[in-house]
Amino acid sequence: MTVEQNVLQQHSQKHQQTLLNQLREVTGTTDVQLLQQALQVSNGDLAEAVAYLTEKNAKVPQQDEATYYQTAQITNDRYISVGSQADTNVIDLTGDDKDDLQRAIALSLEESNRAFRETGITDEEQAISRVLEASIAENKASLKRTHTEVWSDSANPYDRKRQENCPVGLKNVGNTCWFSAVIQSLFNLLEFQRLVLHYSPPARMQDLPRNQKEHRNLPFMQELRRLFSLLVGSKRKYVDPSRAVEILKDAFKSSESQQQDVSEFTHKLLDWLEDAFQIKAEEDREGENPKNPMVELFYGRFLAVGVLEGKKFENTEMFGQYPLQVNSFKDLHECLEAAMIEGEIESLHSAENSAKSGQEHWFTELPPVLTFELSRFEFNQALGRPEKIHNKLEFPSMLYMDRYMDKNRDITRIKREEIRRLKEHLTVFQQRLERYLSYGSGPKRFPLADVLQYAMEFASSKPVCTSPVEDIDTTAPPGGTTAQLPPAASTGEQPDGCASAEVSGTGPQTQQQQRVPIHKPFTQSRVPPDLPMHPAPRNITEEELRVLEGCLHRWRSEVENDTRDLQASISRIHRTIELMYSDKSMMQVPYRLHAVLVHEGQANAGHYWAYIYDPHHRRWMKYNDISVTKSSWEELVRDSFGGYRNASAYCLMYIDDKKPFLIEEEFDKETGQMLSGLDKLPHDLKEYVQADNKLFEKEIEEWDALQARKLLQEKLALAAASSMTAQPMSTEPCPPENTAIQQDPEYMEQQSPTGDSKHLQEDTERAISKAAAEHDEKSPEALLNTAMKVEYTRLLRLAQEDTPPEKDYRLQHVIVYFIQNQAPKKILERTLLMQFADRNLGFDERCKSIMKVARAKLELIKPDEVNMEEYEMWHQDYRNFRETTVFLLIGLELFLKKSYMEALMYLIYTYQYNKELLAKGPYRGHDEELIAHYRRECLLKLNEHAAALFETGEESEVNSGLTIMNELVVACIPLLLVDEMEEKDMVAVEDMRNRWCSYLGQEMEPNLQEKLTDFLPKLLDCSTEIKSFHDPPKLPSYSTLELCERYSRVMMTLTLSRTPADGR
């Protein structure tokens, strides 16, 4: 057999086995013969095979045990088989002599094999192509959305610039988050990274490829090299993998669109890489058995040891990704133990001839990179669709594989037998403990120690009366006030007890005062102090009580001791089982967790990301498409173990901890210096990355030039507007030509007669009048100094006053804002001088003289006395504060009017601008929690409205609802996720996602199901990358008086209407 024929045969075997694995996972069927039968009937089409098995569910034939083990000896029922010829066997599917059907099946299989031999492409790979085409189509379609700015890259290249040596992300080009997660996990395996970067195409690549497989694999390998080189040396924050996906799409032409399982993409990705390296290996080592680095890195071998009706068998098989069932297991070791043993294995290590059959798997060779595929999806045959398993499954950061190795077979069997024996004892102890903790024969059961204690309390209670009902007068109460006494059977009031019998001879008025109190719901049921708290025995002698108390006390002590002994024994057994493999001899094969691939969502929709360990910085990193952030083991556990929300791991990648070359950096052979950045790349890739970096640098230069032009235009426009302002409209007199007095801030020069100018004028004139009344000296300079002190004292008092939310004095005067934020004294003095230099103060001579003195003082201020840049910065901050206030005001007003779509945009910008203000100081902005609350409420309201539109089923309504979700809700979710410390925002996001995920289990029209399937990945995307939005809404101009009044009004309305947050 030639090398090429051997490779084709092995590939065919691997392809068939992969289909079997996938079909077993989706349908939950473990009958290998039935799975093979379904694949042959469906001619390799997974969808038809699933439908076939679903229809056969009610009458699945019992598999012949002998047939199963004969198959196990011939071919691999789980992994890649060595030397399997099962694809050439023809099986009678009906059990009858239906030759026509058998010949048709054989012919179909022959056609499929012929097509594979000719093209090197299987039906399954064509199905994968259809999904890749769908991803590309989705990416192109996203560019045609009405509001492209929501989904497009930021126009500002600085937002897309890589920070120092931060890892580079991968752009999601249309439902390709699975691609990003897998590629990043492999890229961070430095040995794999080196293999890809230094891969050189075979010499014959320039010639026409021998078959379509080479036509696919070699260009893909070249594109993967370029992608890896960009991940190494790009100056971009994230790069676009579209070209790699395009090549995959072009390799498989298909007109249909069919969803495939993501784990299958991982299988095929490694297959494609293996094929590419195989071609190169065969060329480099002509006439020898070539070594494939992908096989060396990712594939291992195990020994299948079995017994069939007393006859033992062994065969060696290869494996790549090792599939593990999750359901009914609590941790990874339990999954592995179950996967390594099938059937009854007692006869495997028994000298007796037994008819029992079973098999064990023992690893003979583990790969450097050990990958576990966690089967978290099962097929619900009742509903006819796959469902995700959300059960919690724990896994360690360091995994010791010694117990599964063939060399430790005897030791492991002894330990497994010991564990089995301990678990039997554990079951007995747990059952005995349960009898103590749940005692009784009825539906309600209690701890036996408590039952004995209650009996002791009952026996020792002192009786006061002979009957609990004798002292209650069930007739009409005295005075004939029947309406005041509830019926005797009522449980709303406590009986008066035996003490009332002692005062039965008192007058009616006294008795009524005791029996008919004023109705007080929270005190009416209190028991009078002279009544017993528990029922009591009617008659009991001191001797009986003494004997009974002694017995009960002794029995309770015995029960408590027994309970403690049982609990201690159970804990001891648990600890013994945990430490069973902790001796050094069973900790010689350590594997460290390298990457965890996580899925969030349901079986047919969701989002993928990866946690990857950085051994050089000793920390976990989260790779979520374009977002790469620092993470922690605690966050990984929360998102990966399952049982919490809808996120859980579906793939675990461990690496051999004794092979450091897997993650070691490369060093220069001459200098001994560690290579980094572009120095790690071959010459051709270095030139490729440098060219891309130059394009990005040019984009930054063009952006800088554009911003400089815009800034210049704004300055010119502002200067033109200032020069065209009429003198009567100015807040200060025209200075002499040779002077340049600083112009008042815009919020201090409103031209409206009811605006800020008049407001400031009145405040200033009051300060001058008060200063004149207090000051004997009539000089304008003395009056100015006194008036400024009076005004500053007033503003200081306002700044220090503790005010409710509706009265914010910062809006009334800039000085209040400056004082609260500890502005420099020189800034305060100049701002006050600007206020007194206003020529509109008044028309009497006193005010005019003070205004002239103030203007003269402004002219005398030297540049080194007041930093004008700092002065402008403070006033710009105040302008930003007022602008943020207007955004908040309009947003809250729209929220109260239930205009949630309009309100949301204002509140989004309010939150962002306010966050920038608060970063400079706690009094620079508004209450962040209040803004976050109403932003969150807007999103929840819009989510409910969109869901209600979707539920109508009307095409226009459904489209409107999805438009709201795509353009508003989905675009805003990253804003809520970016700060994971805000638990209420996280809960709100989960509420919104769960609202839409709940539709997955409901019957709906196919077009609605298609729209939902298309929409859910966007909703479940956990990326915290902030999308760009529309330009901020245009703001109206408010005077200080109008702004304060409207702000006070809306805040008072919210104070009256707002209820405490409901957990969101």
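This is a predicted model: local features need pLDDT of at least 70, side-chain atom pairs count only at pLDDT 80 or more; totals for chains, interfaces and linings use all residues.
1. The pairing of helix 14 and helix 18. Helix 14 (residues 409–437) and helix 18 (residues 542–578) have axes that come within 9 Å and cross at roughly 155 degrees. Since angles over 145 count as roughly antiparallel, helix 14 is therefore described as roughly antiparallel to helix 18. The crossing of helix 14 past helix 18 is left-handed. On the side of helix 14, the contact is made by Ile419, Leu422, Lys423, His425, Leu426, Phe429, Gln430, Arg432, Leu433, Tyr436 and Leu437, and helix 18 contributes Val559, Asp562, Thr563, Leu566, Gln567, Ser569, Ile570, Ile573, His574, Thr576 and Ile577. Sorted by class, the residues in this contact between helix 14 and helix 18 are 12 nonpolar, 7 polar and 3 charged.

2. The setting of helix 8. In helix 8 (residues 190–197), 7 of the 8 residues are buried, so this helix is largely enclosed by the rest of the structure. The buried residues are Leu190, Glu191, Phe192, Gln193, Arg194, Val196 and Leu197, a list that a reader may wish to follow along the helix in the model.

3. Glu600 lies in strand 12, which covers residues 590–602. With a relative accessible area of 5%, Glu600 counts as buried, because the cut-off for that term is under 20%. The side chain of Glu600 also makes a polar contact, at 3.3 Å, with the side chain of Arg993.

Definitions and conventions:
Residues are numbered from 1 along each chain as its sequence is written. Side-chain values use heavy atoms; hydrogens and water are left out. Helices (H or I, at least four residues) and strands (E, at least two) are DSSP runs, numbered from the N terminus. Buried means under 20% relative accessible area, exposed over 50%, partly exposed in between (1.4 Å probe, protein chains only). A polar contact is a pair of N or O atoms within 3.5 Å; within protein, one must be able to donate a hydrogen and the other to accept it, and residues adjacent in sequence count only if both atoms are side-chain atoms. Axes are lines fitted to C-alpha atoms, for helices over the stretch in contact, and angles run from 0 to 180 degrees between N-to-C directions. Angles under 35 degrees count as roughly parallel, over 145 as roughly antiparallel, 65 to 115 as roughly perpendicular and the rest as oblique. A crossing is left-handed if the near helix is turned anticlockwise from the far one by less than a right angle, and right-handed if clockwise. Contact means heavy atoms within 4.5 Å. Ala, Val, Leu, Ile, Met, Phe, Trp, Tyr, Cys and Pro count as nonpolar, Asp, Glu, Lys and Arg as charged, and the others, Gly among them, as polar.
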